[in-house]
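I opened the model today and looked up a few things. My notes follow in the order I took them.

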Amino acid sequence: MSPDLPLNLADFEAAARERLSPQAWAYFSGAAADEHTLAANRSDWAAHRLLPRVLRPLSGSSTAINMGGLTLAHPIFLAPVACQRMAHPEGERATAMAAAAQGAGMILSSQSSVAVEAVAAAMAEPGAGPLWFQLYWQAQREATLALVRRAEAAGCQTLVLTVDAPVHGVRDRERRAGFEIPPGISAVHLAGLPPPPDSLTALLAAAPSWDDVAWLRQQTRLPLWLKGVLHADDARQAADSGCVDGLIISNHGGRTLDSTVSTAWALPRVAEALNGRLPLIVDGGIRRGTDVLKALALGAHAVAVGRPQVFALADDGAMGVARMLRLLRDEFAIALALCGCRSPDDVSRALLA
Ligand SMILES: Cc1cc2nc3c(=O)[nH]c(=O)nc-3n(C[C@H](O)[C@H](O)[C@H](O)COP(=O)(O)O)c2cc1C
């Protein structure tokens, strides 16, 4: 192996910084306002200390998980990240090929720059993880429904409604860099749908509510997850509603509201409030196999990574994303073994100091 290959996820980030235009770098790496949440997402995983067990039987080890009836080779998903053709000409299609090769679930953004049908075709491989579709609530129910029908027809297995971004965050870094989506790249699923309202008042009037979640539940047979929950009371309400099949504990990678709690802080509180009533995925700052293990110890069934996929994509297309996923999988397998766990099922809170 050449020593200059990326050895970890931070290496991909450093390489992407060299390759991307300053505008694309600001868009992909930046977050809202002073980026306190962005920093806390990283530092709060790092702050947890592992308390490993020794001399446990390790033969027959596996990273496989079972989540809501789904068996996956490992607990690592790709979080929805918009407009990936800004990182690489093949965009989400290349990311999907990598996800398929590594058995990772992929959650495709409704603001994808490649059509869901092409992404689904790229994931139609034996051993591929599932393809899920992320929804942003559209100002009209019919427009939201058009996205749902398209995702269903393409074979997506789950819908993920993002609920933490009724309005755009205050993105100082993007504005300072003069970021605009370059010509020739667009959110292809939104073409032909009514544009979002241009006044804040109209945008807020169209923001989704629990009633809209109940309506959405009636429209589709696909499992419905919510993404962007941090508060234990919202998690309880989601479980009580009977409309929701799972939650992604997320603060949008710090891109919407700055100075929120980190996801490492929110996760154990949500897990305790739910007591196993809904499966949980967590994202935000997951960069190491030990972060994956800590997330499982704090009550997540799986994790998702956002920025690392576009950094790896910018660096080396599908090969880059596949390598990024492989590195994280291998680090997770090593962390499991060094904590005395034969499988993710053996991970518990007792592994944290
Ligand atoms: C460039 C970029 C675009 C994103 N686009 C979306 C999106 O379209 N929909 C969504 O629900 N989340 C979106 N997210 C949030 C991610 O799904 C995820 O919550 C976040 O990136 C996780 O944090 P991490 O980047 O530290 O791994 C985006 C994040 C980034 C960095």
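I counted a residue as near a molecule or strand if its C-beta atom, placed from the backbone, lies within 6 Å of it. This is a predicted model, so I kept its limits in view: local features need pLDDT of at least 70, side-chain atom pairs count only at pLDDT 80 or more, and totals for chains, interfaces and linings use all residues. Residues are numbered from 1 along each chain as its sequence is written.

**Ligand.** I looked up the shell first. Which residues come nearest to the ligand? Of the 23 residues around it, they are Ala 79, Ser 109, Thr 162, Gly 253 and Gly 306. I then sorted the shell by type and got eight nonpolar, 11 polar and four charged residues. Here Ala, Val, Leu, Ile, Met, Phe, Trp, Tyr, Cys and Pro count as nonpolar, Asp, Glu, Lys and Arg as charged, and the others, Gly among them, as polar.

**Whole chain.** I found 13 helices and 10 strands in the protein chain. Helices (H or I, at least four residues) and strands (E, at least two) are DSSP runs, numbered from the N terminus. The C-alpha trace spans about 60 × 50 × 40 Å along its principal axes. Of the 353 residues, 49% count as buried. Buried requires 20 or more other C-beta atoms within 10 Å of the residue's own, exposed 12 or fewer, and partly exposed lies in between, with C-beta atoms placed from the backbone.

**Barrel.** I traced a closed barrel of eight strands, β3-β4-β5-β6-β7-β8-β9-β10, with parallel pairing. Strands pair if DSSP finds at least two bridges between them. Where does β3 pair with β10? Residues 76–78 and residues 302–305 form the two strands, which pair in the parallel sense over three bridges. Leu 78 stands opposite Val 305 in β10.

**Positive phi.** I checked two residues in loops. Most residues other than glycine have a negative phi. Glu 35 has a positive phi, near 65 degrees. Glu 35 sits in the loop between α2 (22–29) and α3 (36–47). Is Glu 35 buried or partly exposed? Glu 35 is partly exposed, with 19 other C-beta atoms within 10 Å. Asn 275 also has a positive phi, near 50 degrees. Its place is the loop between α11 (263–274) and β9 (280–283). Asn 275 is exposed, with 10 other C-beta atoms within 10 Å.
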